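Here are my notes for your reading of this model. Keep the structure open beside you and check each point as you go.

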Amino acid sequence: MMVGMQSPTVNRLEHLGLRRTDITEDPQIRPRMNFGNRLWLGLPDGRLEQTALNDSIGHSGWSWGASAFDFDNDGFPDVYLANGFESRKSVREYEVEFWLHDIYLGHAYSDQVLDLYFAGQNRFVRGDQSYGGYEINRLYLNQGGRSFLEVGHLMGVALQQDCRDVVSDDLDGDGRMDLLVTTFEYWPQARQMLYVYHNLLEDTGNWIGFRFREEGTGKSPVGATVTLEWEGHRAVRQIVTGDSYRSQSANTIHFGLGPATKVDRAEVVWANGEKRVLNSPEVNRYHAVAFPGGR
């Protein structure tokens, strides 16, 4: 998944079919610039494909940090997105003026009048005006791989403050993934805050986790993948760096299992090709995984 920044103004213009009649333009350019998030599904032959599943998660706002994690342990990864650019005293935004006027002023030659005009725009905001402001964060609940349902407000995680960083992790080790989110606020005072959301969802599915740690001498868990097989299902997770805006998740891999009470097999492959197989690992617990030959 790649996050994108989507404009409500463009959404309205496209919905109403409104365009400048005095300017010839490719009608596909504006929606491409404003596409929003992009979700590709991996295919068995190694290719990636964008499907209709993207439609229910594409337009989330001016997005920054993101995290995919199984919030309810049903076996289908959910997605949390931090949104918002600059919320200020006024909800009036320069964004409308940009899409209705300024975007049509560009030329391939120097224009002193335009230079003076854009010099006065002051980084997309004027005084108390907002830009991409007063948006809420989104929690998209995966509906069995068919679509996403936005439940951020219902779950109490729809912060309206401008937000940036997102990390998901099981902070208390109870098998339910929690959230860490930072704000980047401009009004009423400039500040950055950290919010920690404790997952207290009841009646979740079963789960299993694998914890790695740095062991030195080249034995890094970065790049390691875990392939899990249970009841005819197969899922793969990988430890990567920088998987969210200005953020990095812990060296832990977590799988929701839904109603399944048994895992057949877990195969761990490190970045250098070394492998380790765990047969019938116990569910509802974390397994410490050491590099082959390590302590």
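1. Start with a charge over a ring. The charged end of Arg20 sits over the ring of Tyr104, 4.6 Å from its centre. Bear in mind that this is a predicted model.

2. Now find the second case. Over which ring does the charged end of Arg211 sit? The ring belongs to Tyr286, and the distance to its centre is 3.8 Å.

3. Stay there and look for Gly173. This glycine touches both Arg211 and Tyr286, leaving aside residues up to four places away in sequence. Gly173 and Tyr286 are 113 residues apart in sequence. In space, their C-alpha atoms are 8.2 Å apart. Gly173 belongs to the loop between β7 (163-169) and β8 (178-183). Is Gly173 buried, partly exposed or exposed? Its relative accessible area is 37%, so Gly173 is partly exposed.

4. Next, the aromatic rings. A pair of aromatic rings is described by the distance of the centres and the angle of the planes. How many aromatic pairs does the count give? The count comes to 16. Take Tyr140 and Phe148 as one of them: the ring centres are 6.4 Å apart and the planes meet at 80°, so this pair is edge-to-face.

5. Phe210 and Phe255 make another edge-to-face pair. Here the centres are 6.2 Å apart, with 85° between the planes. Phe210 lies in strand β10 (residues 206-211) and Phe255 in strand β13 (residues 252-258), so the pair ties together parts 45 residues apart in sequence. Phe210 has a relative accessible area of 0% and is buried. Phe255 has 1% and also counts as buried. The cut-off for buried is under 20%.

6. Aromatic residues also gather in a group. Trp62, Trp64, Phe85, Tyr94, Phe98, Trp99, Tyr131 and Tyr245 form one aromatic cluster. Pick these residues out together in the viewer.

7. Turn to helix α1, residues 8-16. Which residues of α1 are buried? They are Thr9, Val10 and Leu13. These residues cover an arc of only 95° around the axis, which puts them on the same side of α1. An α-helix has 3.6 residues a turn, so residues three or four places apart point the same way. What do the buried residues of α1 pack against? They pack against α2 (29-33) and α3 (94-100).

8. Check both ends of α1. Ser7 caps the N-terminal end. One of its side-chain oxygens lies 3.2 Å from the backbone nitrogen of Thr9. After α1 comes Gly17, with a positive phi near 70°.

9. Finish with the whole chain. The chain has four helices and 16 strands. Its C-alpha trace spans about 70 × 45 × 40 Å along the principal axes. Of the 295 residues, 43% are buried. Consider contacts between residues at least 6 apart in sequence: 59% of them join residues at least 24 apart. The chain exposes about 16000 Å². Carbon and sulfur atoms supply 53% of that area.

Terms used:
Residues numbered from 1 in each chain as written. Heavy atoms only, no water. Buried < 20%, exposed > 50% of the residue type's maximum accessible area, 1.4 Å probe, protein only. Helix = DSSP H or I, 4+ residues; strand = E, 2+ residues; numbered from the N terminus. Arc of directions from axis to C-beta. Contact = heavy atoms within 4.5 Å. Polar contact = N/O pair within 3.5 Å; in protein donor to acceptor, adjacent residues only side chain to side chain. Phe/Tyr/Trp six-rings, centres within 6.5 Å; stacked < 30°, edge-to-face > 60°. Lys NZ or Arg CZ within 6 Å of the ring centre and 35° of its normal. Areas by Shrake-Rupley, 256 points an atom, 1.4 Å probe, with all protein chains shown as cover.
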